[in-house]
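I opened the model to go through its sheets, its domains and the contact between its chains. The entries below follow the order in which I looked things up.

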Amino acid sequence: MTNLTLPHLPRPLALAAKAMPLAPLSLLLTRLARQLMRRNPGLQRRLGENARCRFLLDLTDLPFLLLLEPGGATPRVSAISRLRPPAHDTRIAGLTSAFLGMLHGSLDGDALFFSRDLVIEGDTAAGLALRNAIDDAELDLAAELSVMLKPLDPLLACTLPSVERLSGLALHRMDRPAGAPL
Amino acid sequence: MELVCPAGTPAALRAAVEAGAQTVYCGFADETNARNFPGLNFDRDEMAAGVAFAHGRGAKVLVAINTFPHAGAEPLWHRAIADAETAGADAVILADIGLLAHAAEHHPGLRRHLSVQAAAANPDVINFYAEAFGVKRVVLPRVLTVDEIAAINREIDVETEVFVFGGLCVMAEGRCSLSSYATGQSPNMNGVCSPASHVAYAEESGGLTARLGGFTIHRTAKGQPAPYPTLCKGCFTSGDQTGHVFEDPVSLDATQLIPALARAGVTALKIEGRQRSRAYVAEVARSFRAAIEAQAAGRPMPKAALAKLSEGQAATTGAYAKTWR
């Protein structure tokens, strides 16, 4: 019955993700989360008290779970095996493309919920606050990666379009005006 | 006709204006507006910046202060009106009679619109609001037919604004207590219908169960579209029948009725959804701006392609072209 056609992560990429060591991935994602929170103070403000919550992000086409703890001065993201799901307040589940679509403001969270492409369980208010905070922040993953991996910027600029083409995933905002500051 | 679009965040406001909204409505991040949801709405600086952004592109901003003040807490609502005027808002959208009187007396230069929350559904009450409080526009409740709207417009001198897309409230708005009964929080006084803090979803037996304040209000089978967790669109068993007792979980889409609404004398078309994302706002604003331009040019209304954004993934023309059962 769902009528949103969302791309699944291609199998070769999913297999590659399976081989990823989770500890270094957690460090990388934590660094990215801290940068996002630092560069977008509105995220913390809109989360309010919900920033203390533990968000289990279940990207259903990835072989691991992500635990987002945005609170305090040291936000953290942990990549965790599906065999050992951690304690959490809110679980949000959907395809990687659904999460990226919401991150980049190209997909509507309610529409994903209506079509059953997004599932939320646990503390609904915290999930809503996170979604609204991210939507207002007008984030761009490619731009954030470019800032985080500054010396590798030219390499990223070459690689990301190919990754997008091969994976079918949008890693950047489609509506960012050309030449807009990152 | 004027297109009035929702904005729950500054980013949604910018998206609405860039997509063709001539007017945007929004609210402060507290109980003074009827979309008081977590992570949503504007602080004072954001409101001023949003108004400046809109005005810089020829668009207007309306500030919804459309809940009913609690006894003893009126200063919160009075401050909201004063701060909306300071931010440069083009109008405030009010529902409470006392608040309308306060605004008329203390902010006479600030245009006043009557919120749908006032449930003003006949010429006598609309004329009363216009004469007593200088209301310039009334947002009509979503329970009127197009013919009834035309009849109202023949007997009033103020502008009318009607909902053409989004979630449907099928009750006498501002007076519904269903959500209050289930949660202890009022849509009309706390600004939250089905507050997220009282909503719980669970994947059970392959289906989705939605509970509000502990009451199970839907069980949606796997693969079926999920509705909002509102009691008025809940699925209940009554006697030997199970179904949607009050209203089906569908969304309003009155695109095809725009020419009829224009003939009925409607000034502004309103999109529901301050709780929705900037993706929703931009897509719906673009679609309705195209429809309004088509109507002005005498062209047929475009076929809407917005079902995927709709609750129930299905559209209705609501009360505009329907008789109640």
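Before using any domain bounds, I note that they come from an automatic or database domain assignment. I also note that this is a predicted model.

**Entry 1: domains of chain B**

I looked up how chain B is divided, and found domain 1 (2-168 + 250-321) and domain 2 (178-244). I took the distance between the centres of the two domains over C-alpha atoms, and it is 26 Å. I then asked how many residues each domain brings to their contact. Domain 1 of chain B gives 15 residues and domain 2 of chain B gives 10 residues. I sorted the side of domain 1 of chain B that touches domain 2 of chain B by class, and it has 4 nonpolar, 8 polar and 3 charged residues.

**Entry 2: the sheet of E8, E9 and E10 in chain B**

I followed an open sheet of 3 strands in chain B, ordered E8-E9-E10, with antiparallel pairing. Strand E8 (199-204) and strand E10 (215-220) of chain B each have a single partner strand and stand at the edges, so one side of each has no neighbour in the sheet. From one strand to the next, the twist averages 20°. I counted 6 bridges between E8(B) and strand E9 (residues 207-212) of chain B, in the antiparallel sense. For one of the pairs, I noted that B:Glu204 has B:Gly207 in E9(B) as its bridge partner.

**Entry 3: the sheet of chain A**

I moved to chain A and asked in what order the strands of its open sheet stand. The 5 strands are ordered E3-E2-E1-E4-E5, and the pairing is mixed. E3 and E5 of chain A are at the edges with a single partner strand each, so one side of each is left without a neighbour in the sheet. The twist here averages 20° from strand to strand.

I then went through the pairs. Strand E1 (residues 55-59) and strand E2 (residues 64-69) of chain A are antiparallel over 3 bridges, and A:Leu57 has A:Leu66 in E2(A) as its bridge partner. E1(A) and E2(A) form a hairpin, with 4 residues between them.

E2(A) is joined to strand E3 (residues 76-81) of chain A by 6 bridges, running antiparallel. There I found A:Phe64 opposite A:Ser81 in E3(A). E2(A) and E3(A) also form a hairpin, with 6 residues between them, and A:Gly72 in the turn has a positive phi of about 70°.

E1(A) runs parallel to strand E4 (residues 90-94) of chain A, with 5 bridges joining the two. A:Asp58 stands opposite A:Ala93 in E4(A).

I looked next at what packs on this sheet. Helix H2 (residues 22-39) of chain A touches E2 and E3 of chain A, and its direction makes about 155° with that of E3(A). Helix H4 (residues 96-103) of chain A lies across E1, E4 and E5 of chain A, at about 120° to E1(A).

**Entry 4: chain A against chain B**

Last, I looked up the contact between the chains. It involves 29 residues of chain A and 29 residues of chain B. Which elements of chain A each supply at least two residues of the side that touches chain B? I found helix H3 (41-47), helix H5 (109-114), strand E5 (118-122) and helix H6 (124-137) of chain A. H6(A) gives the most to this side, with 8 residues. By class, the side of chain A that touches chain B has 13 nonpolar, 8 polar and 8 charged residues. I note that E5(A) is listed among these elements and is also an edge strand of the sheet in chain A.

Terms used
Residues numbered from 1 in each chain as written. Chains lettered and ligands numbered in written order. Predicted model: local features only at pLDDT ≥ 70, side-chain atom pairs only at ≥ 80, totals over all residues. Contact = placed C-beta atoms within 7 Å. Nonpolar A, V, L, I, M, F, W, Y, C, P; charged D, E, K, R; others polar. Pairing = 2+ DSSP bridges. Axes fitted to C-alpha atoms, helices over the stretch in contact; angles between N-to-C directions.
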